[in-house]
Amino acid sequence: MKKAWDFSVKSLAVAAVLGTALSFGAAPVPQASASIGGAVLGAVQGGVVYAQIDKELKYYNNTEEGRQKLLAQYKKKLGVNEDAFLNGQLEDMMAEMTRGIRAVDPSIDKKPYVYFINNETSFNAFCSMGHVMSVNTGLYSMTTVPDEIAVVLLHEMGHGQKDHVVKSVRKKAGVAVGAMILSGAAGSGVADAILDIAVNQIDNVQITKPNEWEADNLALTYLLHTGYNPGATAAMWQRVLEKMKSRPKDFVGEIFSPSDHPTEEQRRDNYAQRLTDLSGGNVTVAKGVVYVSGKKFVQPAATGEMSGPERAYFVMGNLVAAFRTGQNAQDAYANGHTVLLGNQPVIACTDGDPDPQELADLLNRIKSSKPVVTPARELKLQKQAGK
């Protein structure tokens, strides 16, 4: 009898979450008093079960036992990639990213992230309840650049820091609980339903668009407190835009849900605008060309690893770093193949790029000349001035 009960509860929960219908075969009750009585009973049951939902969510989200149980379930479901290099790299990156988050949100030390690399081949990563994270093996086939990988992971950690997944799972659990109440089933089935939702619905946790924007913006905020290039934020989405055209099947999961999420262009452009603002409006990128003070500085060439437009955002990030640290006041110079401002590298020139010394001289001329105010920049300045 217990076995049949468990099957019934889990079926109800999954059906409710997936939006499928179950027929209970019950005859309608015409009496108004019965309907009222049922509503009162349902409300009482609902209050009790929702209290249990909150209890179970706190267990998985806040206790070490619950976190480890979630981690084990994800490993069982997705498999574990034991590649020594990738795991060593991820361990180092998690330490650096944790340092960056700590500078903004010290609460991370109360609940450190637990993580693993899974065997899924699509380009994605996720952060579940309890700061349980996993990186798809497919992410590494899309990019091997640590700065870009950090952008994806810090986005997920932004969700984790703000408990976005907990809120989403609670909503889904509410739907499942509604089905349980209708069938007169609740009790221990709630815990099973929540674990099922958390583990089996990770690619469809219904993170809202405002939460996606928050996670995107937090990723840059955190990144600014690490040693990674802030331009990697826009560069990562530039890479996604280019790769999606030829490999659309590789892009699945929560961060690639076009119906209710920001588009790839919007995310790239949001980061590019934030980088421009961080430079005091001095650095912009348009169509793969980097501008300083409104004047063309460089159009990076493509390399075997990156397209020209993607590289442009990395140059932008270096220049933004120079403006933020005051190195922009120093003279530009060439050191081998690298152009620097003070001690800040700007671009490492490769075949197809202009000569490093020529770029250094050009940057010095731009710095010493009067800035060009583009129409778009002028309009923004007027709005800021209240005109």
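Guide: The expected span of a helix is 1.5 Å times one less than its number of residues. Keep that in mind for helix α13, residues 356-368. The model is predicted.

Visitor: What makes the reach of α13 close to the expected one?

Guide: Helix α13 has 13 residues, and 18 Å is expected at 1.5 Å a residue. From first C-alpha to last, α13 reaches 19 Å. That is close to the expected value.

Visitor: How do you know that the buried residues of α13 line one face?

Guide: The buried residues are P356, L359, A360, L363 and I366. Seen down the axis of α13, they fall within an arc of 125°, so they line one face of the helix. An α-helix has 3.6 residues a turn, so residues three or four places apart point the same way.

Visitor: Which exposed residues does the face turned away from the buried side carry?

Guide: That face of α13 carries E358, R365 and S368.

Visitor: What do the buried residues of α13 pack against?

Guide: Several strands and a helix. Among them are β5 (289-292), β9 (344-348) and α12 (308-325).

Visitor: What makes D355 a cap for α13?

Guide: D355 sits at the N-terminal end of α13, with a side-chain oxygen 3.0 Å from the backbone nitrogen of Q357. The cut-off for a polar contact is 3.5 Å.

Visitor: How many aromatic pairs does a search of the whole structure find?

Guide: The search finds 2.

Visitor: Why is the pair of Y59 and Y60 called edge-to-face?

Guide: Ring centres must lie within 6.5 Å, and edge-to-face needs planes over 60 degrees apart. The centres of Y59 and Y60 are 5.0 Å apart and the planes stand at 65°, so the pair is edge-to-face. Y60 is buried, with a relative accessible area of 3%.

Visitor: Why is the pair of Y74 and F126 called tilted?

Guide: Planes under 30 degrees apart count as stacked, over 60 as edge-to-face and the rest as tilted. Y74 and F126 have 50° between the planes and 4.9 Å centre to centre, a tilted pair. Y74 lies in helix α3 and F126 in strand β2, so the pair ties together parts that are 52 residues apart in sequence. Both Y74 and F126 are buried.

Visitor: What makes R67 and E64 a salt bridge?

Guide: The cut-off is 4 Å from side-chain nitrogen to carboxyl oxygen. R67 and E64 meet at 3.0 Å, N to O. Both lie in helix α3, 3 residues apart, about one turn.

Conventions: Residues are numbered from 1 along each chain as its sequence is written. This is a predicted model: local features need pLDDT of at least 70, side-chain atom pairs count only at pLDDT 80 or more; totals for chains, interfaces and linings use all residues. Side-chain values use heavy atoms; hydrogens and water are left out. Helices (H or I, at least four residues) and strands (E, at least two) are DSSP runs, numbered from the N terminus. Buried means under 20% relative accessible area, exposed over 50%, partly exposed in between (1.4 Å probe, protein chains only). The arc is that of the directions from the helix axis to the C-beta atoms. Contact means heavy atoms within 4.5 Å. A polar contact is a pair of N or O atoms within 3.5 Å; within protein, one must be able to donate a hydrogen and the other to accept it, and residues adjacent in sequence count only if both atoms are side-chain atoms. Rings of Phe, Tyr and Trp (its six-membered ring) pair if their centres lie within 6.5 Å; planes under 30 degrees apart count as stacked, over 60 as edge-to-face and the rest as tilted.
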